[in-house]
Amino acid sequence: MNKDQLIGWVLAIASIIVIVLYGWLVFFTQWSLFLLQLTGFIAIAGVFGILAWIGYTLATTPPPKPIEEIEKEIEEELKKLEQEAQQQQPQQGATTS
């Protein structure tokens, strides 16, 4: 059995134990109301915590450049490359003669 399979079995068995333990705590102990409240709070805090993180990221990330500006930069770079290529062609012709 390789390491990944062992980790998989450990996770599966641990999950089943947690499910059984949670069910027992909810249905057969006096802690059921508190446990349900805690579970509900964790679920809501998790969902809205993720939403807050997404909102914060959207609010603090600068907007992307407009496509027109990017296209203009690409055209300028292409012109520079073409000019460099044209300047190198005469030099290569002079050295091969």
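Is Trp53 buried or exposed? In this predicted model, Trp53 is exposed, its relative accessible area being 59%. The value lies above the 50% cut-off for an exposed residue, so Trp53 falls in that class. Trp53 is placed in helix 2, which spans residues 32–60.

A separation of 63 Å was computed between the C-alpha atoms of Ala45 and Gln88, two residues that are 43 positions apart along the chain.

The arrangement of the helices was examined next. Two packed helices are described by the angle between their axes and the distance between the axes. For helix 1 (residues 3–28) and helix 2, the axes come within 7 Å and the crossing angle is roughly 125°. Helix 1 is therefore oblique to helix 2. On the helix 1 side, the contact involves Tyr22, Leu25 and Val26. Their partners in helix 2 are Ser32, Leu35, Leu36 and Thr39.

Charged pairs were considered last. Side chains of opposite charge can pair when their charged atoms come close. One salt bridge was counted in the model. Lys65 and Glu73 form a salt bridge in which the closest N and O atoms are 3.0 Å apart. This distance is within the 4 Å limit that defines such a pair. Lys65 is partly exposed, with a relative accessible area of 45%. Glu73 is also partly exposed, and its relative accessible area is 33%.

Key: Residues are numbered from 1 along each chain as its sequence is written. This is a predicted model: local features need pLDDT of at least 70, side-chain atom pairs count only at pLDDT 80 or more; totals for chains, interfaces and linings use all residues. Side-chain values use heavy atoms; hydrogens and water are left out. Helices (H or I, at least four residues) and strands (E, at least two) are DSSP runs, numbered from the N terminus. Buried means under 20% relative accessible area, exposed over 50%, partly exposed in between (1.4 Å probe, protein chains only). A salt bridge is a side-chain nitrogen of Lys or Arg within 4 Å of a carboxyl oxygen of Asp or Glu. Axes are lines fitted to C-alpha atoms, for helices over the stretch in contact, and angles run from 0 to 180 degrees between N-to-C directions. Angles under 35 degrees count as roughly parallel, over 145 as roughly antiparallel, 65 to 115 as roughly perpendicular and the rest as oblique. Contact means heavy atoms within 4.5 Å.
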